[in-house]
Amino acid sequence: MIPKYIKEGKSYLTIAMGCTGGKHRSVFMAHELAQRLTKAGLNASEFHRDIGL
């Protein structure tokens, strides 16, 4: 899907996820996704509401 967003000229894409408590799976998944997107040559950043990552 991301190549289609780029082709359409979109400037950003927000992906949100969560789990009960927000300190386990969602943190890992957000971090992993940001790393994979960066490795794929995309400008990715991550923000965690309750922790300083």
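## Terms and basis of the model

A residue is called buried when its relative accessible area is under 20%, exposed when that area is over 50%, and partly exposed in between, with a 1.4 Å probe and protein chains only. The model is predicted: local features need pLDDT of at least 70, side-chain atom pairs count only at pLDDT 80 or more, and totals for chains, interfaces and linings use all residues. Residues are numbered from 1 along each chain as its sequence is written, and side-chain values use heavy atoms, leaving out hydrogens and water.

## Overall composition

The protein contains two helices and zero strands; helices (H or I, at least four residues) and strands (E, at least two) are DSSP runs, numbered from the N terminus. Of its 53 residues, 13% count as buried. The accessible surface (Shrake-Rupley method, 1.4 Å probe; for residues, only the protein chains shown count as cover) comes to about 4900 Å², and carbon and sulfur atoms account for 57% of this area.

Ser-26, Val-27, Ala-30, Ala-34 and Leu-37 are the buried residues of H2. They cover an arc of only 110 degrees around the axis, and therefore lie on the same side of H2; the arc is that of the directions from the helix axis to the C-beta atoms. These buried residues pack against helix H1 (2-7), where contact means heavy atoms within 4.5 Å. The other side of H2 carries the exposed residues Arg-25, Phe-28, Arg-36 and Lys-39.

## The salt bridge

Side chains of opposite charge can pair when their charged atoms come close. One salt bridge (a side-chain nitrogen of Lys or Arg within 4 Å of a carboxyl oxygen of Asp or Glu) is found in a search of the whole structure. Arg-36 forms a salt bridge with Glu-32, with 2.9 Å between the closest N and O atoms. Both residues belong to H2 and lie four residues apart, about one turn of the helix. Arg-36 counts as exposed because its relative accessibility is 56%, whereas Glu-32, at 24%, is partly exposed.

## The segment after H2

Just after H2, Gly-41 adopts a positive phi of about 90 degrees. His-48 is also placed in the segment after helix H2 (25-39) and counts as buried because its relative accessibility is 8%. The side chain of His-48 makes a polar contact with that of Glu-46 at 2.6 Å. A polar contact is a pair of N or O atoms within 3.5 Å; within protein, one must be able to donate a hydrogen and the other to accept it, and residues adjacent in sequence count only if both atoms are side-chain atoms.
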